[in-house]
Amino acid sequence: MRCILLLLDGLGDRSQPVLNGRTPLQAAYTPNLDRIAAMGMNGLFHAHLQGAALPSELAHFLMFGYRLEEFPGRGVVEALGEGLDILEDDVALLARIFSVAEEHGYLVLRHENPDLDQKSCEILHEAIRHYSSAGIEAQFLPTRGIGGILRLRGAVSKHVTDSNPIIENRPLMEVFPHRPMSSDPLAMDTARFLNKYLRWSYRILSGHPLNEKRCKNGLPPINAVGTQRAGKLSNLPTFPEKWGLRGLLIASGPVYHGLGHVIGMETLRVKDTDDPARDLRERLETAYQAKGHDFIHVHTKVTDDAGHTRDPSIKKRVIETLDTALDYALQVIIPDEDVLFIVTADHSTASSGTMIHTGESVPLTMVGKYTRNDDVRRFDEVICAAGGLSLVRGTELMHLVLNFLDRGKLWGLMDSSDDQPFTPGASTALRIR
Ligand SMILES: [Zn+2]
């Protein structure tokens, strides 16, 4: 048997007054998702702890059965997804150029997402591309738009705080070592270096002719760099080693490809078009045809993007659109007894409030030859809670996958040197002659 997991990114939401107190998913007309829930075993899922608001890459990492402490950091995941040159000892941070105003000796963030054409982005990125001091070298590696990766090379540590406050009208933050590393020389040097780089790049960008021209035209200058989520490569067991399953990840966003790289899961890079239902249908078809893999993760980001619009009606419509693609799952995937089909999300992205993502659990349905039938007839954040799975958290999801693939090992058996959760293990036959 193999598993196809459909992940609707950021699907969960909050009750919305504009939808008569329902979530976008509750308010949406989703006959296909509802039929799948009616055929399956249902519950709620949280990749970590209820209430914890998780970024996508971390939620996926935990969902795939890894521990929080093992996470290498978003900076390095995104850098790998963008195909950038990152070595074992490098530190990679998410970085972007944006608009700040100098007030009483501090830099206050004015526009975190300034509108800047590609050519201007390239010119400003080039101006702050190289910086070195005290044996540490920084390179600003552009990725898309105003964004990039700041790669640090030398004796550096990933245990440093962010400088980007993200929220406008707040000051850029001084970088410090994480508290437990506060006397670690590497972390202290890295923090000191980053603060120097941030001050230097402000001076360079502020005096740049392109910004002088913008100011003359009444436009805000793009005059500072903000950094966040430092990361470093780490040695992890691969997904096949951990779960005995050959994994395939089908997604459009570089961060998911980077995650696949980090955990040794094959990735298929797909593109988003202006027809998300057709995109999803094609991804499901590809997943079903990928018979050389045992665990296929099908991802769509459009639900999360819709949540970020802060308009619950847009998210409701997007969910309804995606639902139409699920006729393929009902007609082809679910009738195949050799497939365990799962629908869930990585986290909630509420279309109200100020949080980037939110900490509510998300609905989960599992349909396969060995799943129990329950009384749930509707796929949403409330009704699924009454299903046979109840609340599933973190690593439990992958153990359930093994269980419903009929691949779980009886705990305590040792059929290989590693105490792996799946069967069969990598055993060696006893030779008698
Ligand atoms: Zn997400």
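This is a predicted model: local features need pLDDT of at least 70, side-chain atom pairs count only at pLDDT 80 or more; totals for chains, interfaces and linings use all residues.
1. Is histidine 261 buried or exposed? Histidine 261 has 20 other C-beta atoms within 10 Å, and a residue counts as buried at 20 or more, so histidine 261 is buried. You will find histidine 261 in helix H9, which covers residues 254-263. Have a look at glycine 81 too: it lies 180 residues from histidine 261 in sequence, yet their C-alpha atoms are 7.5 Å apart in space.

2. Next, strand E1 (residues 2-8). 7 of its 7 residues are buried, so E1 is largely enclosed by the rest of the structure. In a regular strand, side chains alternate between the two faces of the sheet. Here Arg2, Ile4, Leu6 and Leu8 point one way from E1, while Cys3, Leu5 and Leu7 point the other way.

3. Which strands pair with E1? Strand E12 (residues 339-344) runs parallel to E1 and is joined to it by 6 bridges; in E12, valine 339 is the bridge partner of arginine 2. Strand E11 (residues 295-300) also pairs with E1 in the parallel sense, over 6 bridges, and there histidine 297 is the bridge partner of leucine 5.

4. Finally, the largest nonpolar core, which has 119 residues. Ile4, Ile36, Val298, Leu340, Phe341, Met366 and Val401 touch the most other members. Strand E3 (residues 91-103) gives the most to this core, with 8 residues. At least three core residues come from each of domain 1 (2-69 + 237-404) and domain 2 (79-231). Beyond its neighbours within four places in sequence, valine 401 is in contact with Cys3, Phe295 and Leu340.

Notes
Residues are numbered from 1 along each chain as its sequence is written. Helices (H or I, at least four residues) and strands (E, at least two) are DSSP runs, numbered from the N terminus. A residue is buried if 20 or more other C-beta atoms lie within 10 Å of its own, exposed if 12 or fewer, and partly exposed in between; C-beta atoms are placed from the backbone. A nonpolar core is a set of buried Ala, Val, Leu, Ile, Met, Phe, Trp, Tyr and Cys residues joined through C-beta atoms within 7 Å. Domain bounds come from an automatic or database domain assignment. Two residues are in contact if their C-beta atoms, placed from the backbone, lie within 7 Å. Two strands pair if DSSP finds at least two bridges between them.
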